[in-house]
Amino acid sequence: MSSSHQAHPEPDSEFPLAASSPCSPKLKASPKLNRWSMARALRSGAKIDRPINAPRRQSTTEEADRKTSSIDGDDVAAGKSIYLVSDGTGWTAEHSVNAALGQFENRLVNRGCSVNTHLFSWVEDEEKLLEIINQAAKQKAMCFYTLANPSMSKSAKEACDQLGVLSVDILGPIIEGIASHLGVSPSGLTRGAPGRVKTLNDAYFKRIEAIEFTIKQDDGTLPENLGKADIVLVGVSRTGKTPLSTYIAQKGYKVANVPFVMGVEPPKTLFEVEPRKVFALKIELVVLQAIRRTRAKTLGVDTEGENRYSGFDLVRKELDFASKIYAKNPGWAVIDVTNKAIEETAAVILRLYHDGSDSSTSVPCISKRF
């Protein structure tokens with residue numbers, strides 16, 4: 001999914017709600033790693049007729065604004081279109097649809113089709129809303145919306161029904177359910193409305209603190225602070241320690257990560273950390289080798305340097321080196337990250353982290369009281 005703030009093309013998946021026009025398969029998936037990589041790329045908006053790892057320029061806000069009312073028809077011709085309309089950032093709509101699109105990964109790759117997802121954020125007036133829905137009708141797109149204002153939500157539904165746009169109100173049923181459960185009416189205020197309660201509370205500042213801590217502790221920096229971390233990730237190069245650390249930190253956890261390099265002893269402070277806080281990442285040899293080769297090519301490393309980094313024997317020895325350390329520390333949870341998304345691995349780590357904690361342990365609180 002290419003992600004611009006106002007309108008960005010995103011993943012492709014044949015959404016099973018409208019008869020799909022024939023898609024010509026331009027791509028043959030073979031090895032398991034290629035299939036996984038292509039599926040992830042398609043969900044991220046990468047075009048299948050170009051290398052998956054080719055850098056994509058992010059659109060600026062000004063460029064996104066220009067696209068809001070008119071999206072290039074050629075872009076949509078490659079596959080089905082999905083419109084995401086929100087009166088806030090669009091995070092809820094974007095992540096909900098992405099999760100659903102994950103159910104169609106195999107069909108995406110097999111058919112070489114794409115779903116172009118366009119996100120429209122901060123849509124707070126009806127004129128703009130109707131303009132977007134009209135455009136969706138022209139492109140035969142499906143529309144998902146998260147609109148807190150009841151009148152805006154009603155207008156969206158009526159316009160979609162009138163123009164024959166298949167639509168889903170993501171937020172409405174949830175708000176109605178909570179209102180029924182609590183016995184109170186929702187405010188109907190959008191995220192940026194003046195009367196909306198601000199979220200700059202203690203939990204927010206804890207998250208900021210956690211992110212700052214995690215950035216400073218990346219890649220084995222400041223090993224003397226490992227004891228202050230809520231979670232410590234260890235593993236060889238390219239097992240995803242840094243992106244995983246950052247993702248978990250955004251949920252309010254202080255995360256440190258320590259790389260295991262063959263011939264270099266890990267810091268002594270690592271073995272002083274409470275074992276339940278340490279998570280050891282492992283990965284299949286051939287997958288790690290492929291990831292390292294791709295990384296080396298992206299950086300323009302010469303053949304000799306690439307072999308030193310991603311050679312089969314070297315990768316095997318590094319994994320063996322890490323496995324021996326894991327075996328000496330049975331209290332560490334070993335997590336297989338092979339072909340797993342960051343979100344999947346993070347969910348496993350956080351579940352194990354909380355399962356292993358006792359009532360006396362202070363852990364970041366991510367709940368909110370209203």
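Which backbone oxygen does the side chain of Gln-217 reach? Here are some notes on this predicted model, starting with that residue.

1. **Gln-217.** The side chain of Gln-217 reaches the backbone oxygen of Leu-222, at 3.1 Å. You will find Gln-217 in the loop between helix H9 (202-216) and strand E5 (231-235). Although a loop residue, Gln-217 has a relative accessible area of 1%, and since buried means under 20%, it counts as buried. Setting aside neighbours within four places in sequence, its contacts are Leu-222, Asn-225, Val-255, Ala-256 and Asn-257.

2. **The chain as a whole.** Stepping back, the protein chain has 14 helices and eight strands. Of its 370 residues, 42% count as buried. Among contacts with a separation of 6 or more, 79% are between residues 24 or more positions apart.

3. **Helix H6, length.** Helix H6 takes in residues 126-138, which makes 13 residues.

4. Which residues of H6 are buried? They are Leu-129, Ile-132, Ile-133, Gln-135 and Ala-136. These residues cover an arc of only 155° around the axis, and therefore sit on the same side of H6. The buried residues of H6 pack against strand E1 (79-86), strand E2 (114-120) and helix H7 (150-163). On the face turned away from the buried side you will see the exposed residues Glu-127 and Lys-138.

5. The structure holds six aromatic pairs. One of them joins Phe-260 and Tyr-326: the ring centres are 6.0 Å apart and the planes stand at 40°, so the pair is tilted. This pair links distant parts of the chain, with Phe-260 in the loop between strand E6 (255-259) and strand E7 (278-282) and Tyr-326 in helix H13 (residues 312-328), 66 residues apart. Both Phe-260 and Tyr-326 are buried.

6. **A stacked aromatic pair.** Phe-271 and Trp-332 form a stacked pair, with 5.9 Å from centre to centre and 15° between the planes. Phe-271 lies in the loop between E6 and E7, while Trp-332 lies in the loop between H13 and strand E8 (333-336), so the pair ties together parts that are 61 residues apart in sequence. What about exposure? Phe-271 has a relative accessible area of 39% and so is partly exposed, whereas Trp-332, at 7%, counts as buried.

7. **The cluster.** If you display the rings from the last two points together, you can see how they connect. Ring pairs link Phe-260, Phe-271, Tyr-326 and Trp-332 into a cluster.

8. **Charges over rings.** Lys-254 lies over the face of Phe-213, at 5.8 Å from the ring centre. Arg-292 lies over the face of Tyr-309, at 5.0 Å from the ring centre.

Notes
Residues are numbered from 1 along each chain as its sequence is written. This is a predicted model: local features need pLDDT of at least 70, side-chain atom pairs count only at pLDDT 80 or more; totals for chains, interfaces and linings use all residues. Side-chain values use heavy atoms; hydrogens and water are left out. Helices (H or I, at least four residues) and strands (E, at least two) are DSSP runs, numbered from the N terminus. The expected span of a helix is 1.5 Å times one less than its number of residues. Buried means under 20% relative accessible area, exposed over 50%, partly exposed in between (1.4 Å probe, protein chains only). The arc is that of the directions from the helix axis to the C-beta atoms. Contact means heavy atoms within 4.5 Å. A polar contact is a pair of N or O atoms within 3.5 Å; within protein, one must be able to donate a hydrogen and the other to accept it, and residues adjacent in sequence count only if both atoms are side-chain atoms. Rings of Phe, Tyr and Trp (its six-membered ring) pair if their centres lie within 6.5 Å; planes under 30 degrees apart count as stacked, over 60 as edge-to-face and the rest as tilted. A charge sits over a ring if NZ of Lys or CZ of Arg is within 6 Å of the ring centre and within 35 degrees of the ring normal.
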